[in-house]
Structure formats: C-alpha cells, structure tokens
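Let's have the structure up on the screen and walk through a few spots together.

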Amino acid sequence: MPSTSARPDAEAPDDSRRVSMLLGLLFGLAGMGSSSAAVALALLGEDLGVSAGLAAWVISLYVLMLAVTTALYGRISDLVGVRGPLLAGLVLMSVGALVAALAPTFEVLLGARLLQGAGAAAVPTLGVTILSAKYTGEVRGLAFGRLAGVAAAVSCLGPLIGGLVEAAWGWRAVMALPILGALVVPLLWRALPTGGSGARLDVVGAVVVALTAAGMVLLVQSPSAGLVVAAVGATLLVLGVPAVRASVRRRPDGFLPVEVIRNATVVRSAVAASAVPASWFAMLIAVPAVLLGEGWQAWQVGLAMVPSAAVALLVPQVSGPMLTRIGAGRSLAVAALVASAALLVSAAGAHWTSATVLVVGIVLVTFAFGVGQPALSAVVGDAVHEEVRGVALGVSTLLFLIGGSVGSAVVAGVSGPLGMPLGLLLLALLPLLGLVVLAPTLRPDLVEPVVTD
C-alpha cells in the first residue's frame with residue numbers, strides 16, 4: 001500500500017466530518033429504500049391488486065440488486081475513479097424511485113425497484129472507498145464511524161418517516177423518498193476522487209460474478225419466497241461458482257483479482273462481519289412485526305425506533321477511538337458479540353411481547369452495526385493494495401449485504417412455523433460462528449500484510 005504521505009488529502013483532513021456525514025446520509029437513504037417501503041406494502045398491494053406475498057417482492061428485488069451490483073461499482077471505481085460511478089448510481093436510484101412512484105402497474109413497479117436497487121448499490125461500496133482514499137489513521141476511523149452512524153440513524157428512522165409520509169401523501173410518495181439523495185451530490189462533488197488505473201473493465205468477469213451473487217441472494221431468500229426462487233438461485237450458484245473460478249484463471253487481474261479472493265484477512269473478516277447486518281435486518285423486520293401484531297400503528301412503530309436512531313448518531317464517538325485503540329479486527333469481534341446479545345434480548349422481548357425489551361434489543365444491534373461496518377471497512381482497506389481497494393471493499397460489502405438477506409430470510413422463514421422468539425434465538429448463533437471464522441485473523445502473526453512496491 002502506498003505510504004500515507006502520498007495521499008494529497010492526508011495532511012488536510014478538515015473536511016472529514018462533513019464528507020463522512022454526507023456519505024452516511026446517502027447510505028441511509030439507500031437503506032431507507034427498504035426500511036421505509038416496508039410500511040407501505042399493504043396499501044400498495046391493495047392499490048395495485050396484488051397479494052401481500054407478491055407485494056413483498058418490492059423489497060426483495062431491491063435488496064437483490066443492492067447486493068448483486070456492489071462489487072461491480074467497486075471494480076469500476078478502481079479503473080475510472082469514484083466520481084463517475086457514484087453519479088451514475090445516484091441517477092439510477094433517483095430515476096428508479098421516480099418511476100416507482102408513478103408506476104401504473106405492479107410489473108412496472110418491480111422493474112423500477114430493480115433499477116433503484118442497482119443504483120443504490122453504488123453508495124455503500126463507493127462511500128467507504130472515498131473515505132479509505134482520502135483519510136488515514138484516527139481521522140479515517142472516526143470518518144468510518146460517522147458514516148455508519150448516520151446511515152444507521154437514517155435507516156432506523158425509515159419506518160417513522162415512511163409511516164408519516166404514507167399517512168399524508170400515500171405509498172407513492174414513500175417510493176419517491178430516495179430521490180432526496182440527488183440533493184446531496186453537489187455538496188460532495190469536489191471531495192470525490194477522479195483518478196483510476198485506466199484499465200478496461202472485465203465485462204465477462206463482471207457478469208459471471210453478478211449472476212453468481214444473484215444466485216446466493218435468491219437461495220438465501222428462498223425459505224420465504226418459494227421453491228421456484230430456490231431452484232433459480234441454486235442453478236445460478238451451481239453454474240456460477242465454476243464460471244467464476246474459470247474467469248479468475250483466465251484473467252487473474254480481471255474483475256475479481258486473485259489478490260483479493262486469496263487474501264484470508266479480507267475473506268474471513270467479510271464473512272464474520274456479515275453476521276452483523278444479518279442481526280440488523282432481522283431486527284428491522286422482527287420488531288415491527290411483533291408490535292404491529294399487537295395493534296400498533298406504523299408511525300408508532302417508527303417512534304419506537306427513534307432511540308436506536310439517537311444511539312446510531314452517538315456510536316461514532318465510541319467506534320472511532322475503538323478502531324485506534326484495539327484495532328479493526330478486535331472491534332469487529334466486539335460488534336459480533338454485541339449483535340448476538342441483541343438477538344438474545346430481542347428473543348426475550350418477542351416472547352414476552354415487551355416493547356421496552358425489543359427497543360433495548362434494537363438499540364444494541366444498532367451499536368453493533370455502528371461498530372462493525374467501519375471496522376470491516378478499515379480491515380479490508382488496510383489488507384489490500386490501493387489498485388484493488390475498490391473491488392475488495394465491493395466484495396466485502398457484497399458479503400455484508402448477503403448477511404442482511406440471511407437475517408431477513410431466517411426471520412421470515414422460521415418465525416412462521418416456529419415463532420419469532422425461536423427464530424431470533426437461532427439467528428443469535430450466527431455472530432458466534434462469525435467469531436470462529438474471524439479468530440485466525442486476530443493473531444498478529446497470521447494477518448496478511450500489504451507489501452509496498
């Protein structure tokens with residue numbers, strides 16, 4: 001990795017607070033595309049004449065595209081810089097949101113949500129890429145923490161904002177909320193890096209990785225989506241894995257550089273970190289489901305999420321110094337432990353139908369997310385060369401988002417036959433398994449250093 005003195009912004013990090021908070025706002029608006037839409041499903045399904053099960057695909061397809069295209073944006077940013085891909089992603093997200101708001105049929109709405117998710121995927125990967133390129137040391141740790149904190153806060157407020165907007169203007173206005181992201185671009189424009197390697201994109205490798213990732217996400221979501229989705233996901237995965245291997249052998253420096261996929265620190269950290277969004281997404285589904293089942297209104301559920309939004313804004317004051325003091329890997333381990341504890345607390349809250357205990361649980365998982373996301377970004381950013389940092393962050397973000405799909409799938413699939421408390425209890429094992437995967441990277445003698453050329 002190049003020395004920090006080679007970074008033009010390393011000695012002038014005065015804009016780190018502003019840039020990280022604006023990127024966090026964009027990240028949160030991308031997440032709100034899922035969390036706010038959840039409260040509008042009933043009305044849009046009734047308006048467009050579809051069942052509740054079909055209406056849920058408005059969220060599922062959005063999450064699918066959000067996960068599948070993250071690595072693509074990361075690799076493109078390595079080649080051409082961040083500014084162009086981020087702008088293109090935000091344009092797609094805004095156009096998709098506008099079309100979704102005006103959709104005359106359910107089929108058009110689904111197509112718009114696919115477009116919106118493909119655009120929103122630019123934000124998670126490129127946001128952390130920007131901070132990795134611009135800052136270093138303690139400043140970078142604080143910036144990562146602010147990004148995660150603001151993003152989590154905005155996402156937590158999604159149900160409240162969505163419920164209020166739906167009550168005032170209907171579900172179509174809720175679909176249009178992500179358009180607000182376009183207003184942030186002018187404030188960030190000058191801070192966006194433009195340089196890249198200038199190499200050509202490995203299109204074949206990009207398509208193969210995207211289809212394989214789609215298979216993974218569909219297979220994870222199949223317990224709540226049905227046998228057809230499971231069959232499609234399994235087929236894409238079975239065909240895609242050998243195709244990815246062949247693509248990497250054909251072009252070791254192509255879309256998925258061999259340097260990234262053979263880096264044990266990157267892979268183990270990303271797999272372990274995926275348990276944090278699994279807990280996060282599970283809670284975003286479980287808490288509203290339990291409270292709505294008790295007769296709460298959507299806006300009341302949103303109010304219950306406000307404490308977690310407040311905690312999210314305070315977490316950077318802890319996560320930044322934690323990254324500096326104990327290191328990114330150990331911070332990731334702390335996040336996993338807190339995520340597991342949050343699920344145990346939430347299982348108790350679901351069993352007792354206690355709003356207070358559920359709120360405590362989602363506050364804990366918000367803390368875990370606010371620590372885990374910046375810790376993963378720091379681990380991956382330090383473990384690879386600058387030339388492949390974008391795709392490395394993209395791959396890790398892909399696994400991070402697939403973890404979210406696991407959480408939502410487990411809660412949706414298991415809670416039906418076994419009940420919500422047992423579903424949350426089973427999911428609490430996932431962060432502990434993540435710690436087992438992460439453990440070898442916490443030994444200093446086994447961490448793979450980046451060799452400076």
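Let me start with a question: is R172 buried, partly exposed or exposed? R172 is partly exposed, with a relative accessible area of 28%; buried means under 20%, exposed over 50%, and partly exposed in between, using a 1.4 Å probe and protein chains only.

Quick housekeeping: this is a predicted model, where local features need pLDDT of at least 70, side-chain atom pairs count only at pLDDT 80 or more, and totals for chains, interfaces and linings use all residues. Residues are numbered from 1 along each chain as its sequence is written, and side-chain values use heavy atoms, leaving out hydrogens and water.

Back to R172: its side chain meets D47 in a salt bridge, at 4.0 Å from N to O. By salt bridge I mean a side-chain nitrogen of Lys or Arg within 4 Å of a carboxyl oxygen of Asp or Glu. R172 and D47 are 125 residues apart, and D47 is partly exposed too, at 47% relative accessibility.

That rule gives three salt bridges. Another one joins D382 to R140, with the closest N and O atoms 2.7 Å apart. Here D382 is partly exposed at 38%, whereas R140 is buried at 7%.

And the third? D15 pairs with K134 at 3.7 Å between the closest N and O atoms. D15 is partly exposed at 21% relative accessibility, while K134 is buried at 5%.

Definitions and conventions. Helix = DSSP H or I, 4+ residues; strand = E, 2+ residues; numbered from the N terminus.
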